[in-house]
Amino acid sequence: MTFFRPFLKRLGGMAITLVAMSILIFLLVELMPGDAAQRVLGQSATPQAVAALRESMGLNDPVWVRYGRWASGMLRGDLGTSLYMRGVPIASIFWRKVGNSLVLAMLALLFYVPLSIVFGVLAGVKAGKLTDSIISFFGLATMALPEFVSGIILMTVFAVKLAWFPITSVIPIGESVWNNLDILILPALSITFVMFGYVSRMQRSSMISVMNSDYIRSAVLKGMPMRKVIFRHALKNALLPTITIIGMNMGWLFGGLIVVETLFGFPGLGSLTMSAVKTQDTPLIEVCALFITAVFVVSTAITDLLYGFLNPRIRYPGGS
Amino acid sequence: MTSKPLLDIHNLNVVYETPSGSIVAIRDLSLELRANEAMGIIGESGCGKSTLSYAILDYLPPNARRSGSIMFNGDDLLLKTEKEMQNYRGDRIAMVYQNPYSALNPSLTIGEQLDEVTRVHRGFPRTQAREESIKALKDLSLGEAEGIVRRYPHQVSGGIQQRICIAMALLCQPDIMILDEPTTALDVTTEASILDIIGELKERHRMSLIYISHDIGVVNKISDRIAVMYRGEVVELGPQEELFDHPRHPYTRALINCMPRAGVKKETTRLNTIPGYVTRRSADERGCPFASRCEKRNAVCEEIYGLREIESGHLAACDRAYADDVSEKKAAIPLVPKAKSPAGAGATGGWSGTKDSSAAADAGGFGTVGPDTATTPLIRLEKVYKYYRNRKRTVRALDGIDAKIEKHDVLGVVGESGCGKSTMGHLVAGLLAPTKGNIYFEGKDISATWQRRSGDTIRDIQLVFQNPGRSLNPSFSVEQILDRPIKKMLKIRSRRERRAMVIDLLKKVDLGEEYLSRPSTRLSGGEKQRIAVARAFVTSPRLIVCDEPTSALDVSVQASVLNLLGELQEQSHTSYLFISHDLNVVNYISDHILVMYLGRVCEYGLRDEVVNPPYHPYTEALLSSAPDVNPSHKQKPIRLEGAPPDPSARIVGCPFAGRCHKKIDDLCDTTPPPLKRLSETHYIFCHLSEDHLKGSAHL
Amino acid sequence: MRRVWYIAKRNPLIFPALIIILFWLLAAVVGPSRMAFSYTAMDMDHQMTAPGMGGHFMGTDSLGRDIWSRIVFGSRSILTIALLTSLFSSLAGVVLGFTAGYFGGRIDALFLRAMDIMMAVPPLVLSMVVLGVLGNSNILTLTLIVSIAYTPATARVARGALLSCKNIEYVDAARLRGESHLYIMFREILPNTIGPIIVEVTARFAYSIMMVASLGFLGVGLQPPTPDWGMMVIENKTIIKAAPWAVLYPSLAIASLVIAISLFSDFLSKVVIRDQ
Amino acid sequence: MKKKLYLLLAAGLVLLLALSGCSKSTRASQSKTIRIAEQVPNLITPGVWDGQAFSLDSSIYEYLVDIDTEGKLVPALATSWETTDGKVWTIKLREGVKFHDGSDFDSEDVKFTIMRTQDPTVGHLKAQDFSVVDSVDTPDKHTVVINLKEVRPTFIYQMTDYNMAILSSSYDYAKFGETKPMGTGPFKLDKLTPKESAKLVRNKNYWDKGYPLADELLIYFVPDIDASVEMLEAGKVDIVPQVTPLIRQRLEKAEGFKVVSPYQEQRFISMAADRKPFDDNRVRLALKYAMDPEILAKACQGTLNTDIFYNETPIMNSLAQYRPLPSRGHDIEKAKSLLAQAGYPKGLSVELYYASDHPYSPALAQTVKELAEPAGFDIQLKGYPRDVYLSQYWMNAPLSITGWGGRIDPSVLLNLAFTSKGPWNESHIKDQEVDQIITKILKEVDDSARQQLYDRLQEVFYERGTLINVQVPYLVAMKDTLEDYRQPITMLPQLKYAHFKDVK
């Protein structure tokens, strides 16, 4: 039971956040200027048509009734129907795009997590030396570049000049992203660029602070060889904050996906969100925003649990 | 000089390159350590003690440069590569240092951390390494060693952590063990038992020790020879007894004399102080490092100096080491004995030469409170409870205590960390409110926090904090720090008037006008605490709660602050609630002493009643654990077993029962100890009879 | 000062960074009035002209507008928005974070929960959705929304900075002389947390530029023909082969400014936060 | 630990290389498959939506009549149509035509399609146009008789409008329209991934034997025009409709592509006549005087009177009904004085709404702003994505730029957009003379009399009209091996004819 308590507590917290966020998103989007029915039918629609549509869409109900209907639909897995494409259930588009984005995000993770950890550790161990300066500057520069700038650079070099990868990330009809992994590389690299800087800098500073800690001194003065000091004593502790950062930034990653997917025309959640915003497809905006929120909340929770699991001080609460 | 030195440090220099130039951390230091010898190194913080130990093991920051030689068994450690040094570290030379909690890796089990020492140095396979580790733990009388190896460091108490560190250092049977303040972070009772173990192990393993501490008493207990370091140099070196009985270097003398000791009391003695403070030393500075603070300096000090042998094996670095004009130890200045009574005649008291207090009274500074003969105590705590609750447990910081502070009186509160003494101070000061029970200030109930106290009460009770570095806002200047309370609490509008008061306050704490504009960050620890004391006196409070006011300070500074506090109390007739873990300090300054354990009172009485038998078994243990400068007091200490119980557990009987060396089996566990009044002013909570308590004289 | 110089010498990149920042500040303040071309002027004889031709230092775009003028003028809006955004969000963050951290307890728990909720949506997504739904943006809405999106992050930094000081004894000392909460928060604590807060403001400044540029890129930023750097990139992406300068120079402008400010912020944190 | 990390890193690199290795497998385009990148990611529930995924729409649905390459009406689902008085129209329908679900096409379906325009719950965009219909009779399965309330000699042209695809009367469009569109067209829907792609396959039961020439149509919905063109360049698609002139310039330099312009489109710069400031004709004239047609043409990356045309009437320069009027000339002083006379001596501020992702519109908007500025117009640009613009701002803007496709007969457009009751009267023109002329045009059977009316109408617009009409080429980029891409002025591509060079 005690083992599950933090888990349950987290779950409760997650639920509260999600509910609050869903209310916020719903209100934000629904209470914005403009009438959904009017939007569907266009400016030239007759008032009768608009009224009829309002009624059939349930827009005449009070806002909490609409929220309740929407939220209970979400809970049942019914994402509603698109406003822009009348009659198209959002679920039929949504999950496929989410899947694509997840594949992209995972690939990006696969790129930047090991890279940034290795270089971060290297910079941390060599703090103050040339290696560190180079890695740090590179990290800062890549972090500072907006995704679309680094994306355009990558696109120009690898797609336009070298033609190693496709410029646009379109999945041929009838195929899934798995048959077309080549379209993932450049978008994933663009994300890697930004996240590399962020994570490697974190890793560097946590490595430095760990290397300055008393227990590293203990290890050195115990006569441990440097390799052992770094990999056995330092890394395990220095990875903890990095893991937190990586988990906490899953949300950011999805924010970055919007830009990257738009740039490369990748059929994922990001470009879906973008087109939902551009077409003011409110139900779709709501679903996308809610999902991104959920990704953030869930990944934060997982990070927390993982952190607890990896950190003995939390895993085995103190004896004294 | 009987045996060949095991470690021979010759002309060692350590220099740091910093943005503001080169700083000398160690200069021309030479030391020999013989086999099975315990070398104590004492000195205030910043004297290069730790740098020395890290220099031996080649663990210095990248901007440090070493020169000279460190010969170990005929090899010069300065010439070893990093890889070669790995074979010495942990194997031939092991080290234990201050904070055991942070010295152990939080993410590895204790076993893993122990095992790797023998695995790396001895090439032991896993199982054998584990056996060795368990054996080493058992060596340190850690009973349940098999269980401990599977735990993580945070799951055991501080005392056990330090034992683990020592066990780790012992795994390879090193030739030399360097101990850098190994007990400073521990309670006195734990400290005493660790010191015992170290002494015992040294004999058993025939090791040499280098024991580094700022605490003369501790070094005194453990060392065969003692080196006194000051600003990177050894200024005096000699056999332990010789050095203490006949200190030669003025610094050694000053250091010994500024320690409060048993029998040194504020009424009779003023503590010796050393003017100034330890400063950094630049590369081009010459002469005696202590010269600038030495009262006896002369022109020669700045030119000729160096260790010279005075008697066989006793060296001192002072050309005046033979001089008779330097008084020997116990040179504390005696005071004119003075009747100690709350109704002491007149407020002009204080020692000769102190300022006239009437001026201060005019300026609203000190001493406005006249003598008062009323019998109601200034502060009375009635069945005060303070619980800290969180979701998991309730910590009983104070578990129903009664106490009182008389007018114009100093109540010293002692006890180990976690006994609730600070909580009590904060309750009285109004930072906290009691969970249950009442606090009366001259009969008026003030059991609330500052938010609900009247302005008068706030003015009347002030607090001096432990760490002056933290109690003064680093972004304010001295004047701002003192000006604000005058403006806020005394409501004085005129700037000029306030400034005059600030200057006057500074004068009271022996600081000049030049401090006015100085930022608080650019003060030394002692100066900071003086400012903090001055601030507490702004409103001429009736009571000042002193929460460990000297424990963050070096001994020389501690002495001057204690003097100051004593002096000001004498002048102003303010009462103190003086909280400290250091019995010697409490003993020096207090009129009454309250001994606490686990949120409850053990013993209360006049100072002399408490520190002399009959006393509570816990007081007895505390007294016997307290390290004393006087080497002749090599008493057989009482060693407490185990750790204090969990403060969240509900204890039915005597809270001390579990560790008491005089426990009466069932009775103590099940029945709360009754109050035993030993005299009109002295009472004890204990089941033991008065005779039994009396018979326990160890001192 | 000596310390600053010492750190600067060990981080020589700060010098080019400062020069770049000064350059753009100068460009924003006096630049537009000194341009040979207006940022909207269409030189129809020089459509998509290469840099240097027809007096167009950085060439022109498809409408014959001078890229250099547009970039210089664009520095004005992006710097204004970023500056206001970092100031607003820091101000709001300090007030919120300080209040929550100072009073603690339920207020703090509520605050943390609220911040959790706010931070659950990435700032870019939040701004994009709001701006997208609002439909049209100008400097004011952009500043406001980006500020709001960034406030939780700065509030957390401010709260953390406050918490690091809150339990230091000088705060207790102030309480014990009956100081008001406001005095304690802003007079006692704020000066001691100003270091990390200034670092946060500068870092936020860099983030704001990235955000505004990204929003412009996504087409929910400023309206044309206001020369928004991010928008210039996407606007001219079509002609990346015919007139690469039209994409390259705005990208370089963004990159140089953001990297320079990041370097500056990095440097500042080394100066302000005294470790290592 | 270290080893593991390096292993992970190595694995990542290997994966990257492996992925880049397989990237070369660009699937060779099957010659019988035509791939199109559409920018509009949606379908049209026929009659309701004003989206423009025409390649999808016109391949699935069909119309009563088509337009051939010469611009003449040709039979499609109707085999013949006749009217005696312009009031009663008798239409013979093609026999043996089946919908994609296998049901027969008959007169009920035509009646359903026409009557649906009057259903208020549908909100049909042709409601006003077809309000002239009094009743529809179906004497037999292959004959439809339409009775009009008044004379409408051009009525049959109304059946070519893209909203008038013939629907099956037994199909629930409200329910399935967007997900399973179904008609009688040459292709039928095989697989639809909304917002991503659609796969259409040849309709084996298609009535026009021998067509379509292609087996498959693959339509990608790529919102970004640049991405679409990059796909074309990368050989991933064959056709990209609605490209910008800049893209034409770009593709003209590359090998293997061509850009065709099947027809001219119009960009109406409309000034709302029912509100300030354009309620005053002097202000409208001021804006017209401020315009410089040559600059506008250059902004559209073209040349005036070669591929870009400019006038101030709703009639395109290329139409027979067009009558040239003297050039007004670029006259800022005149514009200023007109503004001053109208009570704006210090100039005025007005918002210009347009679709920011429509070819030509952003460039036009920025150029109009730039040209009008010296005259004293301070124009705020308000660009929105096409769909947002059309659904929310169009029809309610003081100044707007809207793309208008051509109509085979101008009268259809005039009735829609320039009568005071026109449903798409974006400039809110309420001019009695204009109303009268248009009504007469609609009823006038005599050609020369009708032309006189047209002449007068253009004069009226020149004097006090509410629009500036910039005509630009509609551009379609494609592989140069693709032939017979037909797209008449109705904007509906006839993909059944399209094929690759050597493949038939």
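Biologist: What makes up the contact between chain B and chain A?

Modeller: Chain B brings 31 residues and chain A brings 27 residues, contact meaning heavy atoms within 4.5 Å. Keep in mind that this is a predicted model: local features need pLDDT of at least 70 and side-chain atom pairs count only at pLDDT 80 or more, while totals for chains, interfaces and linings use all residues. Residues are numbered from 1 along each chain as its sequence is written, chains are lettered from A and ligands numbered from 1 in the order in which they are written, and side-chain values use heavy atoms, with hydrogens and water left out.

Biologist: How much area is buried between chain B and chain A?

Modeller: About 2700 Å², with carbon and sulfur atoms giving 53% of that. Buried area is the accessible area (1.4 Å probe) that two parts lose on being put together, summed over both. On the chain B side, Tyr59(B), Glu116(B) and His154(B) lose the most, together 21% of what that side buries.

Biologist: Why is the pair Glu116(B) and Arg232(A) called a salt bridge?

Modeller: Their closest N and O atoms are 2.5 Å apart. The rule asks for a side-chain nitrogen of Lys or Arg within 4 Å of a carboxyl oxygen of Asp or Glu, so this pair passes.

Biologist: How do you know whether Cys654(B) is in a disulfide or in none?

Modeller: A disulfide is a pair of cysteine sulfur atoms within 2.5 Å. The nearest cysteine sulfur to Cys654(B), that of Cys668(B), is 5.9 Å away, so Cys654(B) is in no disulfide.

Biologist: Is Cys654(B) buried or exposed?

Modeller: Buried means under 20% relative accessible area, exposed over 50%, and partly exposed in between (1.4 Å probe, protein chains only). Cys654(B) has 13%, so it is buried. Cys300(D), at 2%, counts as buried too.

Biologist: What makes strand 10 and strand 13 of chain B a pair?

Modeller: Two bridges join strand 10 (residues 233-239) to strand 13 (residues 314-316), running antiparallel. Pairing takes at least two DSSP bridges, so they qualify. Strands here are DSSP runs (E, at least two residues), numbered from the N terminus. Leu237(B) stands opposite Leu315(B) in strand 13 of chain B.

Biologist: Which order do the strands of that chain B sheet follow?

Modeller: Eight strands form an open sheet, 6-7-8-3-9-10-13-12, with mixed pairing. Strand 6 (93-97) and strand 12 (308-311) stand at the edges, since each has a single partner strand.

Key
Helices (H or I, at least four residues) and strands (E, at least two) are DSSP runs, numbered from the N terminus.
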